[in-house]
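Subject: Structure handover

Hello,

Here is the structure for you to look over. My notes on what was found follow below it.

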Amino acid sequence: MSIEEYRTKIDAVDRELVRLMAERLAVSRAIGEVKSRAGLPVLDAAREKVVLNKVHALAEEQGADGRDIERVYERLIEISKSVQHTSVAFQGEPGAFSEEAALEFFGRAATTIPCESFDDVFTAVAEERTRFGIVPVENSSEGSISRVYDLFLEHDVRVCGETALRVVHCLIAPSQVALGDVRRVYSHPQALGQCRAFLSHLGCELIPTYDTAGSVKMVSEQGAPDAAAVAGSRAAELYGMHVIASGIEDSRNNYTRFFILSTKDVSPSGADKTSIVFSVRHEPGALYSALRVLAERGVNLTKIESRPTRQKPWEYNFYLDFEGHRLDPHFGEALEAVRPYCLFLRVLGSYPRAKPVWKTL
């Protein structure tokens, strides 16, 4: 066969693939409607794992690389979730990194709902005015987002997923503003902190705001000849602004971790994490005793963070992540064993671990 004949054959295969994918998405949309009526969650990690294992095996049977086909299906599953009437609340204006993380996680067809504050995101999810919320919990350069952790004690929501976003910051201004003209830079305090080295060389006034994309919107509306904002390139596109400099963050390994919020639990996927918050008596060895119980049962901790209780000075709540799902018998038993050592213990959620995207760079 000639190359043109092969290309004609590929065209025919592509037509059939597109037809079948469209049919699959139509079925996914119908499943979403059933889930919505029954109050079931869109996310079903266990089912996703079954699908991926199945297509991997089918690919191997057909002589194809199962890992390649699995990667294709991971994207198809993301798109399928996005057509299941997915609405996601995030803090900030359109173009914020939280919105970008939501679209990466749920697919570009997801409906994103901007909120003024993290409190508003939690409230929207708790009152089921949106199916999901997304909030940043920590940055690889600047550390944890304290307010987000505090809000878990004020709202009845669960962590049902996590994702990590590579954050690339840009200096953004109206098209007529050059780098040498900039005297004021607006952005969220975390973004300003992540670009500390670049901004210090500018010698500009740094003005904290509530949101990265909101800063771009504000500078655009003001039209000041000496003002700029720090945000992602998508914000520049949305608000008709110009990127003066790109990649201005101090570290190329600048990632933000996000929690996906819901009122529903997710079932075990086989590769999960659990987040909890607890407090212990204010006495010697109390924290050690609680952690020893987990260590003796082989529970692998991935993070521990302390936050003031805001009830008594110098007393703290501890936020902890560990590998495993709370419904797995081994980890469920470990949680029950640690409870007697705690004044209170609350499971924030068990959810599939985010893939370590930074290891692929």
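Phe-122, Phe-152, Phe-259 and Tyr-351 are joined into a cluster by ring pairs. The model is a predicted one, so please read what follows with that in mind. The count of aromatic pairs comes to eight. One of them is Tyr-149 with Tyr-319: the ring centres are 4.9 Å apart and the planes stand at 65 degrees, which is over the 60 needed, so the pair is edge-to-face. Tyr-149 sits in helix H6 (residues 146-151) and Tyr-319 in strand S14 (residues 316-323), so this pair links distant parts of the chain, 170 residues apart. Both partners are buried, Tyr-149 at 3% relative accessibility and Tyr-319 at 2%.

Within the cluster, Phe-152 and Phe-259 have ring centres 6.1 Å apart and planes at 75 degrees, so they too are edge-to-face. Phe-152 belongs to the loop between H6 and strand S5 (158-166), while Phe-259 is in strand S11 (residues 255-262); the pair therefore ties together parts that lie 107 residues apart in sequence. Phe-152 is buried, with a relative accessible area of 0%, and Phe-259 is buried at 0% relative accessibility.

Next, the sheet that contains S14. Four strands make up an open sheet, ordered S13-S14-S12-S15, with antiparallel pairing. From one strand to the next, the twist averages 15 degrees. Strand S12 (residues 272-279) pairs with S14 in the antiparallel sense, over six bridges. Lys-273 has Glu-323 in S14 as its bridge partner.

Helix H2 (residues 45-61) comprises 17 residues and spans 25 Å from its first C-alpha to its last, close to the expected 24 Å at 1.5 Å a residue. Its buried residues are Ala-45, Val-51, Leu-52, Val-55 and Ala-59. Viewed down the axis of H2, the buried residues fall within an arc of 120 degrees, so they line one face of the helix. In general, an α-helix has 3.6 residues a turn, so residues three or four places apart point the same way. After H2 comes Gly-63, with a positive phi near 85 degrees.

Two residues other than glycine also have positive phi. Glu-128 has a phi near 55 degrees and is in the loop between helix H5 (118-126) and strand S3 (132-139). Trp-314 has a positive phi of about 65 degrees and lies in the loop between strand S13 (301-308) and S14. Is Trp-314 buried or exposed? Trp-314 counts as exposed, because its relative accessibility is 67% and the cut-off is over 50%.

Last, a charged residue for your list. Glu-100 is in helix H4 (residues 97-106). Glu-100 counts as buried because its relative accessibility is 17%, and the cut-off is under 20%. Leaving aside residues up to four places away in sequence, Glu-100 touches Arg-108, Leu-165 and Arg-234.

Regards

Conventions. Residues are numbered from 1 along each chain as its sequence is written. This is a predicted model: local features need pLDDT of at least 70, side-chain atom pairs count only at pLDDT 80 or more; totals for chains, interfaces and linings use all residues. Side-chain values use heavy atoms; hydrogens and water are left out. Buried means under 20% relative accessible area, exposed over 50%, partly exposed in between (1.4 Å probe, protein chains only). Contact means heavy atoms within 4.5 Å. Rings of Phe, Tyr and Trp (its six-membered ring) pair if their centres lie within 6.5 Å; planes under 30 degrees apart count as stacked, over 60 as edge-to-face and the rest as tilted. The expected span of a helix is 1.5 Å times one less than its number of residues. The arc is that of the directions from the helix axis to the C-beta atoms. Two strands pair if DSSP finds at least two bridges between them. Axes are lines fitted to C-alpha atoms, for helices over the stretch in contact, and angles run from 0 to 180 degrees between N-to-C directions.
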